[in-house]
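Take a look at the model below. Then read on for a short walk through it.

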Amino acid sequence: MTETALREQMVQMAHSLFMRGYSSGGAGNLSCRLPEGGFLVTPTNSSFGTLDPATLSQLDAQGEHIAGERPSKEAVMHLAFYRSRPTVGGIVHLHSPALTAVSCLPGLKVDNCLPPITPYYVMRVGKLPLVPYYRPGDSGLAEAVAALAPTHSAMLLANHGPVVSGGSLREAIYNAEELEDTARLFLILLPHGMVMLTDSQIADLEKTFKKS
Ligand SMILES: [Zn+2]
């Protein structure tokens, strides 16, 4: 995709997320790699509902701000993810209600916060490790994300929300939507118990469908 098309796509998909309640106020941020190098990031304190393609933050390959409005303070976390996982083309960070609710539950499994309850979750994301709580803006958060990114395409920040990647921005958003749906199902099922996919069913999915 051209840079112009990526700018338009980021604005359109952010608006769609906003309208469906995935992001409110200035919460959440999106980013993608640019074809000529560098990154596009949603500006600090911007609303997903009213982004402007012309004023999105542009960073160079080293992460320096070179054009557009000032980037989100959480851009550092995105950059750490891109550096640790070169196949990633787009990243979504949300404070979406179901995943954020899960991130506040006691007793989460650190290596996988959401059990394998549907094949779509397993195919799109696989496992969702928990990143310990860090104060927003703490440099330790980017380091913790970078440590998990080589082996995981998505992670859940404790008492905060998800960070989800994909081969493109579109794929990252689709993965985030699948994760939010899975979290909603998990919370509905929590009082009742749930049947999970077996190890052999998961292995069959992993063999058949390649994850990015
Ligand atoms: Zn956040």
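Predicted model: local features only at pLDDT ≥ 70, side-chain atom pairs only at ≥ 80, totals over all residues.

Start with the secondary structure. The chain has seven helices and eight strands.

Next comes overall size. The C-alpha trace spans about 50 × 35 × 30 Å along its principal axes. The radius of gyration of the chain is 17 Å. A compact globule of 212 residues would have a value near 17 Å, so the two agree.

Now look inside. Of the 212 residues in the chain, 50% are buried. Contacts also tell how the chain folds back on itself. Take those between residues at least 6 apart in sequence. Of these contacts, 65% join residues at least 24 apart.

The chain exposes about 10,000 Å². Carbon and sulfur atoms supply 56% of that area. Charges come next. The chain carries 16 positive and 19 negative charges. Their mean positions lie 3 Å apart.

Last, the cysteines. How many disulfides are there? The count is zero. Cys-113 shows the reasoning. The closest cysteine sulfur to its own is in Cys-104, 11 Å away. A disulfide needs two cysteine sulfur atoms within 2.5 Å. The sulfur of Cys-113 is therefore too far from that of Cys-104 for a bond.

Is Cys-113 buried or exposed? Its relative accessibility is 4%, so Cys-113 counts as buried. The cut-off for buried is under 20% relative accessible area. Cys-32 is buried as well, because its relative accessible area is 1%.

Notes:
Residues numbered from 1 in each chain as written. Heavy atoms only, no water. Helix = DSSP H or I, 4+ residues; strand = E, 2+ residues; numbered from the N terminus. Rg over C-alpha atoms; globule rule 2.2 N^0.38 Å. Buried < 20%, exposed > 50% of the residue type's maximum accessible area, 1.4 Å probe, protein only. Contact = heavy atoms within 4.5 Å. Areas by Shrake-Rupley, 256 points an atom, 1.4 Å probe, with all protein chains shown as cover. Lys, Arg positive; Asp, Glu negative; His and termini not counted. Charge placed at Lys NZ, Arg CZ, Asp CG, Glu CD.
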